[in-house]
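Subject: Structure handover

Hello,

Here is the structure for your set. My notes follow below it.

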Amino acid sequence: MQFTRRTSGSALFVNPLMAVYFTVDLDTLAARCLYLDRIENTYGRRQVITRIEAFRDEVSTRIPRAYPH
């Protein structure tokens, strides 16, 4: 279905990730974010990036491994 004259007659592109966008529960997703408290009172992109980088420096990550397919 075309909703505007601008898109009338054009092919509609449906991004495969749209199913995730419409079904994700943001509150549940945010509850799993381990650095949410660190970015809560940030202002601007640079502050967010800096605080996430600091968090990553403090935690140990698991060793990447290949999964059989």
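What percentage of the 69 residues in the protein is buried? The share of buried residues is 3%. Buried means under 20% relative accessible area, exposed means over 50%, and partly exposed lies in between (1.4 Å probe, protein chains only).

First, the ground rules. This is a predicted model, where local features need pLDDT of at least 70, side-chain atom pairs count only at pLDDT 80 or more, and totals for chains, interfaces and linings use all residues. Residues are numbered from 1 along each chain as its sequence is written, and side-chain values use heavy atoms, with hydrogens and water left out.

Confidence
The mean pLDDT of the protein is 85. That score is the predictor's confidence in each residue, from 0 to 100. Of the residues, 96% reach 70 or more. Confidence is lowest in helix α1 (residues 18-23), with a mean of 78. It is highest in α4, at 95.

Fold and shape
The protein has 4 helices and 0 strands. From the N terminus on, the order is α-α-α-α. Helices (H or I, at least four residues) and strands (E, at least two) are DSSP runs, numbered from the N terminus.

The radius of gyration is 19 Å, whereas a compact globule of 69 residues would have one near 11 Å. The radius is taken over C-alpha atoms, and the globule rule is 2.2 Å times the number of residues to the power 0.38. Along the principal axes, the C-alpha atoms fill a box of roughly 55 × 40 × 20 Å.

Surface and charge
The accessible surface comes to about 7,100 Å². Carbon and sulfur atoms hold 59% of that surface. Areas come from the Shrake-Rupley method with a 1.4 Å probe; for residues, only the protein chains shown count as cover.

There are 10 positive and 7 negative side chains. The centres of the two sets lie 11 Å apart. Lys and Arg count as positive, Asp and Glu as negative; His and the chain ends are not counted. Each charge is placed at NZ of Lys, CZ of Arg, CG of Asp or CD of Glu.

Salt bridges
Side chains of opposite charge can pair when their charged atoms come close. The count here is 2 salt bridges. The rule asks for a side-chain nitrogen of Lys or Arg within 4 Å of a carboxyl oxygen of Asp or Glu.

E58 is exposed, at 54% relative accessibility. R38 is partly exposed, at 28%.

Another bridge joins E53 and R46, at 3.7 Å, N to O. E53 is partly exposed at 41%, and R46 is exposed at 53%.

Two more residues
D37 sits in helix α3 (residues 36-39). D37 is exposed, with a relative accessible area of 56%. D37 and D25 are 12 residues apart in sequence and 19 Å apart in space, C-alpha to C-alpha.

A66 belongs to the segment after α4. A66 is exposed, at 75% relative accessibility. From A66 to T28 it is 38 residues in sequence and 28 Å in space, C-alpha to C-alpha.

Best wishes
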